[in-house]
Amino acid sequence: MNILLLGSGGRESAFAWKLSQSPKCDQLFIAPGNAGTGIYGQNVDLNVNDFEGIKNLVHKNSIDLVLVGPEEPLVNGIHDFFLADGSLKNIPVIGPQKQAAQLEGSKDFSKEFMFKNSIPTAASKTFTPETLDEGLAYLATHGLPIVLKADGLAAGKGVLICTGWEEAQQELTAMLRDAKFGAASKKVVVEEFLQGIELSVFVLTDGKNYKILPEAKDYKRIGEGDTGLNTGGMGSVSPVPFADATFMAKVEERIVKPTMQGLQNANIPYVGFIFIGLMNCGGEPYVIEYNCRMGDPETESVLPRIENDLVEILQATASGNLDQINLKISDQIAATVMMVAGGYPGEYLKNRTITGIENVRGSMVFQAGTKLENGEIKTVGGRVLAITSLQDTMFNALQQATLDAARIYFDGMQFRKDIGFDLI
C-alpha cells in the first residue's frame with residue numbers, strides 16, 4: 001500500500017515510525033512532515049488544509065489510504081472532500097467527517113451530545129454575545145473555580161480556569177464581546193470545575209465496531225510540580241496505574257458505549273480515532289472533552305505499546321472489520337518527555353541547531369517542531385522533540401526518558417524532569 005499521513009508533529013512522527021514497520025506499507029508520504037519523519041518516508045511540503053494539493057498528491061502517487069493526524073483538516077471537512085469527489089471517494093480516510101469532527105470543533109455541540117446521551121460530564125451552560133448579560137448573571141450564582149471554554153478550535157488556548165467571580169466576568173466579557181479567541185469564542189461554554197486527576201482514553205472505530213487503545217496521562221503545565229502556564233503537553237505516561245480494570249470497565253460502559261450508540265442514533269458516521277479526555281473523580285469517570293484524533297504527546301506513549309501491525313488495524317478500520325482484529329498490548333510502560341524551545345509556551349526561540357540525538361541510548365526520539373537545513377536539524381516549533389522510553393517498570397521508563405533527554409542539546413531547551421513521578 002501507498003499511504004499518506006497528514007501532519008507535522010510528534011504524533012505524526014510516532015505514526016510514521018509505526019507505519020513504516022509494516023510489510024504492507026510500500027511507500028509512506030508525510031505532508032508536510034518534519035526533519036524526523038523523513039527517516040520513515042518521503043516528506044511533501046504541503047499544507048494539511050490544501051485539499052486540492054492533497055488530491056493531486058494522492059493521484060500522482062497512487063495513494064491507497066490517508067491517515068489524518070491533526071484536528072484542523074478534519075473539522076474543515078477533508079473526509080467529506082474525498083467522499084464528494086468521484087476520483088477520491090473510494091480511497092479510505094482514517095478520520096471522521098466534518099459533522100462528527102464537531103465533537104472537537106464545537107464544545108457546545110459535544111456538551112449537548114453528552115447531555116443527550118447521558119454521558120457523565122460537568123454541568124454547563126453556553127452563552128453568546130447576545131446573551132452576555134445572562135452569562136454574567138449566571139457566573140454570580142456559580143461555584144468556584146469556574147471553567148470558561150471557547151466553543152471552537154483555539155490552538156489549545158481556549159480554556160480558562162477562573163478562581164474568582166470578578167476574573168470570570170472579565171474573561172467572559174473579553175471572550176464574547178472582545179473576541180479574545182477570535183471566531184472560536186463566538187460561543188462560550190461555562191462549566192463547573194471537576195476535582196480529580198486527568199487521563200486520556202483512546203478509541204478506534206470503524207463506525208460500528210471499536211477497540212479501546214492503551215490509556216495515557218499527559219502533563220500540561222510548563223513547570224515541574226504542575227506549575228506555570230498550560231502547554232500543548234510536556235510529556236505522557238502509559239499505562240496509567242489508577243486506571244485499573246474496574247475503572248476502565250466504568251469508562252467502557254458509561255462513556256465509550258453510549259458515545260458509539262449516540263453517534264449511530266444520530267446517523268453520524270465515524271471512522272477514526274476518538275480521544276476522550278477524562279477526569280477521575282474519586283473512582284468515577286467524567287468526560288472533560290472529546291477530540292476527533294489522537295493526542296500529542298500521548299500518541300508517542302500509546303503507539304509503542306501496540307504490538308499489532310498498524311497498517312492491518314487501519315485496513316480493518318477502513319473496511320468495517322475492526323472486530324476481526326485481536327489487539328495486542330505490551331505490558332511494558334512507556335514514558336515520554338517533551339523537549340521544548342526556550343520561552344515556550346510564550347514567544348519562543350527558533351532556528352536553533354539540535355545536537356546529540358545520536359547519543360540517546362534507551363529511548364526513541366520522535367521529532368516535532370524541527371526542520372532540516374544544510375544537513376543540520378533546526379528547531380522551528382515550541383515543542384521540539386518527544387523522547388519515549390519503553391521499559392519493564394514505571395521508574396525505569398521515566399528515568400531512561402529523562403536521562404536521554406539530557407543527552408540532547410539545543411540553545412534554550414527545557415524539559416520537565418518530574419513527568420510521571422507522581423504516579424510512583
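Two strands pair if DSSP finds at least two bridges between them, and strands here are DSSP E runs of at least two residues, while helices are H or I runs of at least four, all numbered from the N terminus. The structure is a predicted model, in which local features need pLDDT of at least 70, side-chain atom pairs count only at pLDDT 80 or more, and totals for chains, interfaces and linings use all residues. Residues are numbered from 1 along each chain as its sequence is written, and side-chain values use heavy atoms, with hydrogens and water left out.

**Exercise 1. Work out the strand order of the sheet that contains strand 12, and identify its edges.**

Step 1. An open sheet is formed by 5 strands in the order 12-15-18-22-19, with antiparallel pairing.
Step 2. Strand 12 (217-218) and strand 19 (364-367) are the edge strands, each pairing on one side only.
Step 3. Within this sheet, strand 15 (residues 235-238) and strand 18 (residues 333-340) are joined in the antiparallel sense over 4 bridges, and Gly235 has Val337 in strand 18 as its bridge partner.

**Exercise 2. Describe the sheet that contains strand 9, and determine which helices lie against it.**

Step 1. Here 4 strands form an open sheet, ordered 6-9-7-8, and the pairing is antiparallel.
Step 2. Strand 6 (124-127) and strand 8 (159-162) each have a single partner strand, so one side of each is left without a neighbour in the sheet.
Step 3. From one strand to the next, the twist averages 20°, where angles run from 0 to 180 degrees between N-to-C directions and axes are lines fitted to C-alpha atoms, for helices over the stretch in contact.
Step 4. Helix 6 (residues 107-116) packs on the sheet and touches strand 6, strand 7 (146-150) and strand 9, its direction making about 45° with that of strand 9; contact means heavy atoms within 4.5 Å.
Step 5. Helix 7 (residues 132-140) lies across strand 6, strand 7 and strand 9, and runs at about 155° to strand 6.
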